[in-house]
Every structure is written in structure tokens, then in C-alpha cells.
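Here is a short tour of a two-part assembly, arranged by topic. Please have the sequence and the 3D view open as you read.

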Amino acid sequence: MSVLKDAGHLFRFVGIFVVLFLIFLVVRGFVVPKTFGEYGHYRAAAIGEIAANPLHFAGHQACAECHADIVATKAAGAHAHVNCEACHGPLEGHVENPAAVVPVLPNTATLCVRCHEASAARPKGFPQVVAAEHANGVACETCHNPHSPAIGSGSNAGGAQ
Amino acid sequence: MTGVEGYMYPNEIRLYWSILIVLYPYITGLVAGAFILASLERIFRVEAVKPTYRLAMLTALAFLIVAPLPLLFHLGHPERCYEMYFTPHDTSAMAMFGYIYLWYLMAVLLFEIWLDYRREIVLWSQQTTGIKRLIYRILTLGSSNISEGSLRVDEKAGWIVTLVGIPSAVLLHGYVGFIFGSLKANPWWSSPLMPVVFIFSAMVSGIAAVMLLYMALTKMRGQKIDMLCLDTVAKYMFYIFVIDFTLEMLDLVHRIYLADESFRTLDFLVHTKLYFSQIVLQIWLGTVLPLVLLFLVQIVKMPEIARKRIYAFCGALILISVFAMRWNVVIGGQLFSKSFLGYTTYKMALATHEGLLVAIGLILLPLFFLWVLLKLLPPWPEKSAHPALAD
């Protein structure tokens, strides 16, 4: 009995721990979103919120519905796996209303070098040029059709359409 | 790009872990080291170091309070830090560390200091006045039982807390080494020896810090330094420093012998950008010189004044050396490219939230906290808040 009495102050210290832990649990109950952990280590409601965001990209298939000829040219060339919107930008607005939203043609002099300017970091087999020496300011599409860039393949320089 | 030589990947050009991430392991190391020194008296019954026991505990507490601040200043959104506690991921070492930190602060340091000071706190709460009386009364937690039996319980509980505290201190600092050691993408860091090296260098730096504080505070109080205590502290510092140096050299020799694909790059780094901080500051000035001096003290009979000066000199060198070690690990590990073909430069900012001024402030802040703690809980028997309590 006297041991318990002499150890009484220790229980007070432990009591502070217990109280702080309970406060922690209560605050946690308020702060952590209700849907957290439903599917994984994230807030499940975030999926619905993200899905409700307006669309910007239409996707490859949407382009093929109206521009089948260009998609076919592209499919036969080296850019077969480059998505239309990778160069033309997000086009959901154009798909929804083709007459009102007309995409701006990309400037090939600045667009192509994003991938094809010579850099030691690119794989050796990847086509790359020092643009200033290779083209001397002439736009790439003068010689290359961006949809099928090898010279002599398909229709010649046709510009980005 | 200025400061870049050779080829760097774009994400390697700027260093993301700045001086504050250097400071963080340095400060936690001082905490762990100071606690280990305190445990010498409590667990291992090294009675000679008793005059430093309470000072070591208060030093550990003062530095532990500041330990997370460098991380918070480094974060882009420090106000979200609580989320680590509320939704921790069990695969995140950093999230688990949050709990280790809290455990160490609450269950080890605060509990042990409270147990050790309880008798005095109760007496001070009865004999002081004003705001001090209120603080002491709160600290008694409403219990004024300081009977023989209750003090015996305190002694036993304190012993258990210290026993639990040793692995906790090792865990606290081992974690920091673990974080670096487990980064397998970086050959400068990736080593299972990293946590062990961090712990031993932490012990050395913590002991050096408490030793210097003990010398400085005793001098400021116009008291005589207990030379048996100082010699014993220095002896343990020397022994642990020998182990620390051996482990670091083991790591170095292993790297040289292994000579894997990163070796030439790291070797070049050590001989160029890290030459001053690693070879000159950390190894020669900060390790070899104090080791030789401390060894001489062990084998040559020297007058008291010479020993004091050597201890003060070595203590300061050790603190610089361990800081240099943290610098070489944290900054050094970000100076080379994973391509092993290029190097970047760290340009320290001055007055930003991760700059030099904040770093200086954060290293001085624990000393301010220590000053407050020393005022509130004087560790010297003859300078108790009330003279009647002097042992």
C-alpha cells in the first residue's frame, strides 16, 4: 500500500501522457478526412473530385474520327507513337465545338527542337541535330512533314495540319 | 550553367538539401551524445562524471527542442507537418521518426529530468515566490510527496528510464544515419555502416559539447573545475572517438578496396571540392590532431592547466570535425552526378529561410533554451534556487 502511495506521483506523470494521447485521438478524429484510407494511403473522395474536373485532352481516337487521313500518314511514319495532342496541345474544346475552337498551328522551328536538339542525355540512336547548323533558321516543315518526318516518305513537307 | 562541371542530369544541378539538413543531424547528434554521457553515471555507475550529469540532461533537452526546427524551416509547407503524426505511412522512416522523437522527448528526457529534480522542485515550490513558485507548483504535478520511500521509487524509475533511454538515443540518431545509408541511389551515402558511424560521431560531439559547457559554466560561476570529472569525461570521449575514427576509416578503406563504378568520381570529389572540409578539417585537424593530443594526455603526466587547455582545444576541434563530417555527408553526397560525369556547386544563401543566418540562429537557439533551463533548474548543488537545498 505504501509503495503505491510513494509511486503516486508517477501515475500523475503517466496521466499527462494518457490525457495528451486522448487529445491526440480526438484532434485526429476531426482533422483526418473521413474517406482517408478507404482504398489506400490517400483520401478516397479525391478520386471523385479529380474525375469531376473539366476535361482538356480529347485523346487520340477523337482526332481519328475527322482526320483519318492524317492519322493514317502518322501511323506509317516515325511519329506513329507520338500522340496528336503532344504537339497540337489539349483539344477537347475543338472536339466539342470544331467550328468555334480552332487550334493554332504549332511553330515547327521551336516545337521540333524540344525533342530533336542534340543532347548527350538522349539515346545515341534517337534522331537529333544541332538546329542552328542543320536548318539555319529554316522551319523544319519546309523539308519534313511533321506527321511522317522522313524525307520522301508520304506527302512531302505539308506543314502541321 | 555556373558552378556545373561536366555532365549533370537536370534535377541534380540545384542542391535540395541545404545547410539546414547539415544542421539537423548535428543537433540530434549532440542530443544523443549528451544523453549517453548522462547515462554513464546513471547506468554504468561512473561516479566521477556526476558533476556533468544534470548539465548533460538539460543540454540534451535544450538541443532536442530545437532539433526539428531545421527540418521545419527546410519544408515548403511546414504548417502541414502534423499530418506526419495523424496519417503516418508505415513504410516511411521519416514518419516513424516523428514518433521516436516524441517518445524520446516525453518518455525519456522530460520524465528523467522530472524524476531527478522532483525533490528540489517540491521544495522550490514551497520556498520561492511569484511566477517561479507558480512554475514549480505546476511542475510538481500536484504531488508534494518527497518521503524517503518516494525518492527511492524515483531513483529506481529513473534508472529504468535511462536504461530504456540508451536504445532510444541510439534509435533517435541511428535513424538519421539510416535515412542516408538506405539511399541506394547515392553511392556516397549508401552504406550499412552509416547509422553506426553517425551514432559514434554523435556520442563524441555530445560529450565534447557538454565538456566544453561544463568548463565554461564552471569558470563563469567562479568555481573550481572538478579535474577527476573532466579527466574521466575526456577519457571516455577519447575512447569513443577512437571507435568512431576506426569505423570511419573502415568505411573509407572498404570503399577504396571495393573501388566500384562510383569510386573515381568520389575520389575526385574528395580531392577537389571536399578537400578542405573532408581531408583538412574533418580528418587532419578535427580527428587526427585531437586524437594525438588526447592520447598524449593519457600517457604523459601533464599539469592541470595544460590538460584543461588541451581538453578545451580538442573539444572545440571535435565539434568542428563532426560538423564537417555532417557537411561532407549531406552536401558532398549532392555534389556529383549519378552519371558520374559531372559535378555541381553548393552556393549557400544568406538571408533566406534556408540560409546561413537561419542556420546560425538555430545553432544559438539551444544555448538560449539551456540558459532558461539552467535558471529554472540549476544543476549545481551549491547554486540551488534556495540555499537551504544545497547538498
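Domain bounds here come from an automatic or database domain assignment. With that in mind, the centres of domain 1 and domain 2 of chain A, taken over C-alpha atoms, are 49 Å apart. Please note that this is a predicted model.

**Chain A and its domains**
- Domain 1 of chain A covers residues 8–52, and domain 2 of chain A covers residues 60–142.

**Where the chains meet**
- Chain B brings 17 residues to the contact, and chain A brings 15 residues.
- On the side of chain B that touches chain A, two or more residues each come from α5 (93–127) and α7 (148–181) of chain B.
- That side of chain B is made up of 8 nonpolar, 8 polar and 1 charged residues.

**Overall build of chain B**
- Chain B has 13 helices and 2 strands.
- Its radius of gyration is 22 Å, close to the 21 Å that the globule rule gives for 391 residues, so chain B is as compact as a globular protein of that length.
- Along the principal axes, the C-alpha atoms of chain B fill a box of roughly 70 × 55 × 35 Å.
- Among the 391 residues of chain B, 37% count as buried.
- If you take the contacts in chain B with a separation of 6 or more, 79% of them join residues 24 or more positions apart.

**The largest nonpolar core**
- This core holds 97 residues, and the members that touch the most other members are V31(B), A60(B) and I207(B).
- Helix α1 (residues 19–42) of chain B supplies the largest share of the core, with 17 residues.
- Leaving aside residues up to four places away in sequence, I207(B) touches G33(B), L37(B), V233(B), Y236(B), M237(B) and I240(B).

**A closer look at G332(B)**
- You will find G332(B) in the loop between α12 (304–330) and β2 (342–343) of chain B.
- Is G332(B) buried or exposed? G332(B) counts as buried because it has 21 C-beta neighbours inside 10 Å, and a residue needs 20 or more to be classed that way.
- Apart from residues up to four places away in sequence, G332(B) touches W188(B), L269(B) and L274(B).
- W188(B) and G332(B) are 144 residues apart along the chain, and 7.8 Å separates their C-alpha atoms.

Technical notes
Residues are numbered from 1 along each chain as its sequence is written. Chains are lettered from A and ligands numbered from 1 in the order in which they are written. This is a predicted model: local features need pLDDT of at least 70, side-chain atom pairs count only at pLDDT 80 or more; totals for chains, interfaces and linings use all residues. Two residues are in contact if their C-beta atoms, placed from the backbone, lie within 7 Å. Helices (H or I, at least four residues) and strands (E, at least two) are DSSP runs, numbered from the N terminus. Ala, Val, Leu, Ile, Met, Phe, Trp, Tyr, Cys and Pro count as nonpolar, Asp, Glu, Lys and Arg as charged, and the others, Gly among them, as polar. A nonpolar core is a set of buried Ala, Val, Leu, Ile, Met, Phe, Trp, Tyr and Cys residues joined through C-beta atoms within 7 Å. A residue is buried if 20 or more other C-beta atoms lie within 10 Å of its own, exposed if 12 or fewer, and partly exposed in between; C-beta atoms are placed from the backbone. The radius of gyration is taken over C-alpha atoms; the globule rule is 2.2 Å times the number of residues to the power 0.38.
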